[in-house]
Amino acid sequence: MASSRALKFVCLVGCIMFMIASTTEAAIQCNQVVNTLSPCMYYVLGTGVLTQQCCNAIVGLNNSVSTTPDRLDLCRCLKNTASQFSYSSRNVALAAGLPGKCGVNLPYKIDPSTDCNIVK
């Protein structure tokens with residue numbers, strides 16, 4: 001059950017992270033994204049508080065993608081992962097608020113319906 005919730009969370013936060021794009025050379029692997037976002041799981045599920053570890057993960061992920069292809073890969077990874085689980089509008093709202101609460105400015109709306117092809 002916890003694994004299912006963790007994956008739900010990662011899917012939701014994944015939608016967040018695809019939009020949090022910034023700076024690094026190597027492409028990020030999808031399983032790395034899921035693992036990176038695990039500190040945010042309980043917050044996005046509504047069963048925990050926002051932690052510094054979660055914000056560190058968001059800032060780190062934001063700093064890990066610098067090119068359009070990397071951001072597209074990240075978006076696709078997160079959307080693919082998210083599509084495998086059910087989530088509520090509350091989960092989406094909590095995930096959408098994470099970047100701002102962690103001091104990361106995004107020019108995109110964090111939402112499962114976001115079109116990855118518009119990511120630049």
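How many disulfides does a search of the whole structure find? The search finds four disulfides. The model is a predicted one, and the points below should be read accordingly.

1. Overall architecture. The protein contains six helices and zero strands, and its elements run α-α-α-α-α-α from the N terminus on. Of the 120 residues, 44% are buried. Among contacts with a separation of 6 or more, 86% are between residues 24 or more positions apart.

2. Confidence. The mean pLDDT of the protein is 78, and 76% of the residues reach 70 or more. Among the elements, H4 has the highest mean pLDDT, at 93, whereas helix H1 (residues 2-18) has the lowest, at 54. Over residues 18-26 the pLDDT is below 50, although this stretch has 41 contacts in the model beyond near neighbours in sequence.

3. Disulfide pattern. With the bonded cysteines counted along the chain, the disulfides follow the pattern 1-6, 2-3, 4-7, 5-8. Three of these links are taken up individually in the next points.

4. Cys40 and Cys54. These residues are joined by a disulfide with an S to S distance of 2.0 Å. The link of Cys40 and Cys54 is right-handed, with 105° about the S-S bond. Cys40 lies in the loop between helix H2 (30-37) and helix H3 (41-44), and Cys54 in helix H4 (residues 52-62), so the bond ties together parts that are 14 residues apart in sequence. Cys40 is buried, at 0% relative accessibility, and Cys54 is likewise buried, with a relative accessible area of 0%. Leaving aside neighbours within four places in sequence, Cys54 is in contact with Pro39, Cys40 and Leu98.

5. Cys55 and Cys102. A disulfide joins Cys55 to Cys102, with an S to S distance of 2.1 Å. This link of Cys55 and Cys102 is left-handed, with -70° about the S-S bond. Because Cys55 belongs to helix H4 and Cys102 to the segment after helix H6 (89-101), the pair ties together parts that are 47 residues apart in sequence. Both Cys55 and Cys102 are buried.

6. Cys75 and Cys116. Here the S to S distance of the disulfide is 1.8 Å. The torsion about the S-S bond of Cys75 and Cys116 is about -80°, so this disulfide is left-handed. Cys75 lies in helix H5 (residues 68-82) and Cys116 in the segment after H6, so the pair ties together parts that are 41 residues apart in sequence. Cys75 is buried with a relative accessible area of 0%, and Cys116 counts as buried at 9% relative accessibility.

7. Helix H4. Which residues of H4 are buried? They are Cys54, Cys55, Ala57, Ile58, Leu61 and Asn62. Seen down the axis of H4, these buried residues fall within an arc of 155°, so they line one face of the helix. The face turned away from the buried side of H4 carries the exposed residues Gln52 and Gln53.

8. Nonpolar cores. The largest nonpolar core has 11 residues, namely Cys40, Tyr43, Val44, Cys54, Cys55, Ile58, Leu94, Ala95, Leu98, Cys102 and Val104. The elements that give two or more residues to this core are H3, H4 and H6. A second, separate core of eight residues includes Leu37, Leu61, Val65 and Leu78.

9. Cys77. Is Cys77 buried or exposed? Cys77 counts as buried, because its relative accessibility is 10% and the cut-off for buried is under 20%. Cys77 lies in helix H5. Leaving aside neighbours within four places in sequence, Cys77 is in contact with Cys30 and Val33. Cys77 and Val33 are 44 residues apart in sequence, yet 8.2 Å apart in space, C-alpha to C-alpha.

How values were computed
Residues are numbered from 1 along each chain as its sequence is written. This is a predicted model: local features need pLDDT of at least 70, side-chain atom pairs count only at pLDDT 80 or more; totals for chains, interfaces and linings use all residues. Side-chain values use heavy atoms; hydrogens and water are left out. A disulfide is a pair of cysteine sulfur atoms within 2.5 Å. Helices (H or I, at least four residues) and strands (E, at least two) are DSSP runs, numbered from the N terminus. Buried means under 20% relative accessible area, exposed over 50%, partly exposed in between (1.4 Å probe, protein chains only). The arc is that of the directions from the helix axis to the C-beta atoms. pLDDT is the predictor's confidence in each residue, from 0 to 100. Contact means heavy atoms within 4.5 Å. A nonpolar core is a set of buried Ala, Val, Leu, Ile, Met, Phe, Trp, Tyr and Cys residues joined through side-chain atoms within 4.5 Å.
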